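Visitor: I'd like to learn how to read a protein structure. Could you walk me through it?

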Amino acid sequence: ASKMALNNPKTGNFVSLVRLFMDQVKEIESNAGKQEDIEFTWRALNSAFLVRSFVKYFVENVTENEMVVEFNGLPLEEDELKSNLFTDFITCLIRSLSEIPVTPYTYGIHMEIANTLLILLSRQLWEPVSGSVGPTWQRLLTQTNRIASGLIRTLLLNFIHREQIPPPDFRKISGGFLSSIGSAASSLLSMITWSKKAPPKGKEFPLAEQSLLLFLVLTNQHAAQNNPYRSALKHFADLRGQVQGQEADVSFVIQLDQLYFGLCSNMGQDQAVLLLYMLLHENSGMSAFIFSRSDIENLVLPVLKLLYTAEERNSHLVYMALIILLMFSQDDSFNKSIHEIVLKPVTWYTERSLSRITLGDLLVLVLIRTIQYNIATVRDKYLHTNCLAALANMSSSFQQLHQYVAQRVVSLFGLLAKKHTKMNDAMRKVTKGDVPDVPEEYTNDLPIVDEVMRMVLEIINSCLTHSLHLNPN
């Protein structure tokens, strides 16, 4: 790659390679739905791999403007507003992802294109000023709403469909055509896309994972500007619930039930949790659809499991899961329905074996456990404040709380009261001069314990005031 970069201004080999790749994927697009030319598709995959490798070298070793020169042969400032190879290349990547169908033979091309876009967008990691709009983002942000919406829709569909990576022996279906290409090409293709071994568990759907990553990068960067990808996220609608006359306000349509099932089955991943947050926050149609589901436990239980195993998780993932629960708790219908959903035995909850527990009971138990864990170890004010806020939102709708759950709510206050008394006694001894000093953690934790006690009392009071007759325990 370094020799290519050194010689490219004289030879133009990289430019020729890029043009070859663009011509190849354009040919594949035009033949979509027809009999696949498998040998031609594999040659296009070779080109995609080489282009991605050289782009990665440029991103890591030269500035973005210098990289554009490698594409165009002209400095960026002289050619910024004109149609040029770099602009055409970005458009080609977007169009190819959107229009080439995913088949066992095009799977690798989709992977290479998605990875190339992610590599181009990672350039900001090497920039001294974060958030700057470089040439890549300039091209992406100036795409039409139709093109941006088409890309976002394709990335979501890739996440939903979760096409599995083709098996190691799928090439045999083609009748041994690789023998005509040569062993070198065969080895190259195996190296870049498919191993001779089956993929490790949890890595069977790389295209879905990379598509979701690209989706999140496109929709979260430069959100304050006119980002057409974020706009597409905000305005997509349900394919089955599309109302005539709303077409002008809708970026694209998709089956929301399929997206919902995709979220439920992948909620253990960081990217899926962030996707759920964005859908709840940005797309009112998807948010309303989620709250209308009668099987919402399929989405809430994985989020609760993330909180329950917080000590094993990334702190950012725990915070995001907590924010999602807080958003759920702001919906009155959700707060009522969770006490009507009786769960099967929850194997991952090991504090105590509970029978006929509702989703609302489990939600309260996990939030209380998170508060106790936070006070004992992390001592993060933000964490317990949001836990208590979610409990406060739900408290007026508590119904038929399990005896063990009611006991945990009251015992939480008792635990806090003992801790508060112990800290106050230690502080009074210092004031009287009985002891020289108290541990620094007492000084820091006392205001936190005060606040938590006050909010727990408010939660208990709200429950007694609004639904005492529904909570005999």
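Guide: Gladly! Keep in mind that this is a predicted model. Let's begin with a pair of helices: H6 (residues 85–99) packs against H7 (residues 107–121).

Visitor: How do I describe a pair like that?

Guide: Two packed helices are described by the angle between their axes and by the distance between those axes. For H6 and H7 the angle is about 135 degrees, and the axes lie 10 Å apart. Angles over 145 degrees would count as roughly antiparallel and 65 to 115 as roughly perpendicular, so H6 and H7 are oblique to each other. The crossing of H6 past H7 is left-handed.

Visitor: Which residues in H6 and H7 meet?

Guide: On the H6 side they are Phe86, Phe89, Ile90, Leu93, Ser96 and Leu97. Their partners in H7 are His110, Ile113, Ala114, Thr116, Leu117 and Leu120.

Visitor: And what about the nonpolar core?

Guide: In soluble globular proteins, nonpolar side chains tend to be buried together. Here the largest nonpolar core has 140 residues, and Ile296, Phe328 and Leu367 touch the most other members. Helix H3 (residues 38–61) gives the most to this core, with 11 residues.

Visitor: What is phenylalanine 328 in contact with, leaving aside its neighbours within four places in sequence?

Guide: Its contacts are Leu280, Ile290, Phe291, Ile296, Leu299, Val300, Phe334 and Asn335.

Visitor: Is cysteine 92 buried or exposed?

Guide: Buried means under 20% relative accessible area. Cysteine 92 has 1%, so it is buried. Cysteine 463, at 11%, is buried too.

Visitor: How many disulfides does a search of the whole structure find?

Guide: The search finds 0 disulfides.

Note on methods:
Residues numbered from 1 in each chain as written. Predicted model: local features only at pLDDT ≥ 70, side-chain atom pairs only at ≥ 80, totals over all residues. Heavy atoms only, no water. Core = buried A, V, L, I, M, F, W, Y, C linked by side-chain atoms within 4.5 Å. Buried < 20%, exposed > 50% of the residue type's maximum accessible area, 1.4 Å probe, protein only. Helix = DSSP H or I, 4+ residues; strand = E, 2+ residues; numbered from the N terminus. Contact = heavy atoms within 4.5 Å. Disulfide = S-S within 2.5 Å. Axes fitted to C-alpha atoms, helices over the stretch in contact; angles between N-to-C directions. Parallel < 35°, antiparallel > 145°, perpendicular 65-115°, else oblique. Left-handed = near helix turned anticlockwise from the far one by under 90°.
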